Amino acid sequence: KLKEKLKQEVEDFITDDAIEELADIMEIVLLLSEIKGVNIKDLEGFRKLKAAERGSYKEGFVLVDEVI
C-alpha cells in the first residue's frame, strides 16, 4: 500500500508541482526506510555513496538505458 501511495504522491507532484506533495513523498520514503530498518542518517549515507559512484541528479546526471 505504501508503494502505491508513493506512486500517487509522485504523480500528484508531477501534476501540481507543489511543495506539499514533496513533503508527502518524503514522509513516505522515510517511513519505507524505517520499515526496512534504515534510519535517515544511513539513508543519507547511501545517497551520498551512490552520488559519489555514479554522479548526482544535482550535477545533471540521469542514467538512461540504451537500446542498441
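Biologist: How many of the 68 residues of the protein chain count as buried, as a percentage?

Modeller: In this predicted model, 10% of the 68 residues of the protein chain count as buried.

Biologist: And what does the secondary structure come to?

Modeller: The chain has three helices and zero strands, and reading along the sequence gives the pattern α-α-α.

Biologist: Let's take helix 1, then. What should its 15 residues span?

Modeller: At 1.5 Å a residue, those 15 residues should span 21 Å, and the end C-alpha atoms of helix 1 are 20 Å apart, which agrees. Just after helix 1 comes Asp17, which takes a positive phi of about 55 degrees.

Biologist: Glu9 is in that helix. Is Glu9 buried or exposed?

Modeller: Glu9 counts as buried, because its relative accessibility is 5% and the cut-off for buried is under 20%.

Biologist: What is Glu9 in contact with?

Modeller: If we leave aside its neighbours within four places in sequence, Glu9 is in contact with Glu21, Asp24, Ile25 and Ile28.

Biologist: Which residues of helix 2 are buried?

Modeller: In helix 2, which covers residues 19–35, the buried residues are Glu21, Ile25, Ile28 and Ser33. Seen down the axis of helix 2, these buried residues fall within an arc of 140 degrees, so they line one face of the helix.

Biologist: Why would residues some places apart point the same way?

Modeller: An α-helix has 3.6 residues a turn, so residues three or four places apart point the same way.

Biologist: What do the buried residues of helix 2 pack against?

Modeller: They pack against helix 1 (2–16) and helix 3 (40–54), whereas the face of helix 2 turned away from its buried side carries the exposed residues Ile19, Glu20, Met26, Glu27 and Glu34.

Biologist: Is the crossing left-handed or right-handed, and which residues make the contact?

Modeller: Helix 1 passes helix 2 in a left-handed crossing. On the helix 1 side, the residues making the contact include Leu2, Leu6, Glu9, Val10 and Phe13, while those of helix 2 include Leu22, Ile25, Ile28, Val29 and Leu32.

Biologist: Last one: what follows helix 2?

Modeller: Helix 2 is followed by Gly37, whose phi is positive, near 80 degrees.

Key. Residues are numbered from 1 along each chain as its sequence is written. This is a predicted model: local features need pLDDT of at least 70, side-chain atom pairs count only at pLDDT 80 or more; totals for chains, interfaces and linings use all residues. Side-chain values use heavy atoms; hydrogens and water are left out. Helices (H or I, at least four residues) and strands (E, at least two) are DSSP runs, numbered from the N terminus. The expected span of a helix is 1.5 Å times one less than its number of residues. Buried means under 20% relative accessible area, exposed over 50%, partly exposed in between (1.4 Å probe, protein chains only). The arc is that of the directions from the helix axis to the C-beta atoms. Contact means heavy atoms within 4.5 Å. A crossing is left-handed if the near helix is turned anticlockwise from the far one by less than a right angle, and right-handed if clockwise.
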